[in-house]
Amino acid sequence: MYKSQFKFAIAGSLILFFFVVSCTKIDTTTLGKDLIPAVDNIHTFDTSLSVIANNFDNLGECDSVSRNDLHALGIISNDPLFGKTAANIYVEFKPLAYPFTFPDHDNDSIIIDSVVMVLNYGDSFGDSTVMQKVNVYPLTFNFNPDSIYKTCNILDYKPILLGTKTYFPYELNDSIHSFRENATNQLRIPLDKSNAQAWALDPSITASDSAFKANFKGYAIVSDEGFGGQALNYFGLNSASTRVSIYVRTSKANVKDTSVMEFPMGSYSGQANSIVRSRNNSEITQHLSQPPAGDEDIYIQTSPGNYGEIKIPGLTGLSNRVIHRAELIMDQEYSNTTFDQYFNVPNRLFLDTQDSSGSYIPIPCDINATEAQSGFSTFGGRAKSATDAGGNSISRYTFNITRYVQNLVTNPGNINGKLRLRAPYYISYFKGYTDRCNQFIAPFALGINVIANGRVKLSGTNNRPSAMRLHIVYSTL
């Protein structure tokens, strides 16, 4: 698993969290994990509350991928749990400065030897041993580099094939030996030479950015759905090694020379990433009726995708007590299928809730400045290795919602609201507010997963030992 990247690359910190804690009745929950008293059933007790969990699909969800983050490209033809995914990349590779000129040459003596699109490879999600095919077309869409483009939008392009490449994703980290370059982690797509030949012979095309865009609007890098595949592959467009390389052969005064001209994605280049989900007859489609008693299994796919809704009825009317620890625990359902060997679980899940207006907010009382800056180390949500009742290796997610539960039992008039469970690419809250523990939560944004990377089937509302549950360690008053 590679590291998820932040949504916004802002110097300093991505998160502006400032808070004032005045809920003195819940100070006991600041005890570290090692300081929680042992359960002796005399002074300290524990209990587990059942939850009601349901699946909700959200195929209309749209993210927007930051230019600094990894972009997805590829096809997952058939994930038995979630169906099909198709991801394309759209980008402008062009000169960094204007007027741009090709090497000086004698009349009609400049020749474009070859043109290659180079994409810096990061990693893959899925089965990297299945061959894929990618096609490159000229965009007809007019990019605005200041605009944000959504993952649910497929940008327009001409059906003129500029280049194609078949590849095994697992080979993308192999060494590459090309003209004046030794490199690794590259997808190299040979392109048609005619565009570059026209640019080389007509300096007016590369005289200015507007002139170049009028002639050529960019590239649509499109995964071939008919060819198939079983993985999403990730590329860094902002990498120094990502570009279109134009290999030029010239002659002047009887001297022949070969050089390479590079068109990268500059600060004024547009970029977008489309990620389209199709459920087909996948397993999740059989679990979307939201039964009142809950779904036996909860399906979570890293956004854009779906979410789960969790209710904990037992918290309503729970008598006042000192909550030492309240931990929402959810276990992966073990599977020994080949697919689950390739499709890794999300790096992080995230839990939030609704306020009185219906807007989603972080869990009251349990999100604060220290927690955000440490990557939610106490709040939780990161996948951890565990063993289920059958001795099988699984992933487990836990959320520490101790202060939230303490606030509910201390103030029974507060709403025991429904919780939302998801695997977002990033989390963002654009409106500051003061939560029910008088903590001021300023607007913030934080990346926690790589786009569309990860999926998991969790044990939900059922009678199995792995059922989703809220474990509470407490003392009576």
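D331 stands opposite R396 in β22. Strands β18 (residues 321–331) and β22 (residues 393–400) run antiparallel and are joined by 5 bridges. This is a predicted model, in which local features need pLDDT of at least 70, side-chain atom pairs count only at pLDDT 80 or more, and totals for chains, interfaces and linings use all residues. Residues are numbered from 1 along each chain as its sequence is written, and side-chain values use heavy atoms, with hydrogens and water left out.

**Sheet and helix**
- An open, antiparallel sheet of 5 strands has the order β1-β29-β18-β22-β21; strands pair if DSSP finds at least two bridges between them.
- Its edge strands, β1 (44–50) and β21 (384–387), each pair on one side only.
- Helices (H or I, at least four residues) and strands (E, at least two) are DSSP runs, numbered from the N terminus.
- Helix α5 (residues 402–410) packs on the sheet and touches β18, β22 and β29 (469–476), contact being heavy atoms within 4.5 Å.

**P412**
- P412 lies in the loop between α5 and β23 (419–422).
- P412 is exposed, with a relative accessible area of 67% (buried is under 20%, exposed over 50%, partly exposed in between; 1.4 Å probe, protein chains only).
- The C-alpha atoms of P412 and L318 are 8.1 Å apart in space, while the two residues are 94 apart in sequence.

**Lining residues**
- α3 (338–342), β21, β22 and β28 (455–459) each supply at least two residues of the lining of the largest pocket (on a 1 Å grid over the protein atoms alone, a pocket is an open set of points where a 1.4 Å probe fits, with protein on both sides within 12 Å along at least five of seven lines; lining residues have an atom within 4 Å of a point).

Conventions
Axes are lines fitted to C-alpha atoms, for helices over the stretch in contact, and angles run from 0 to 180 degrees between N-to-C directions.
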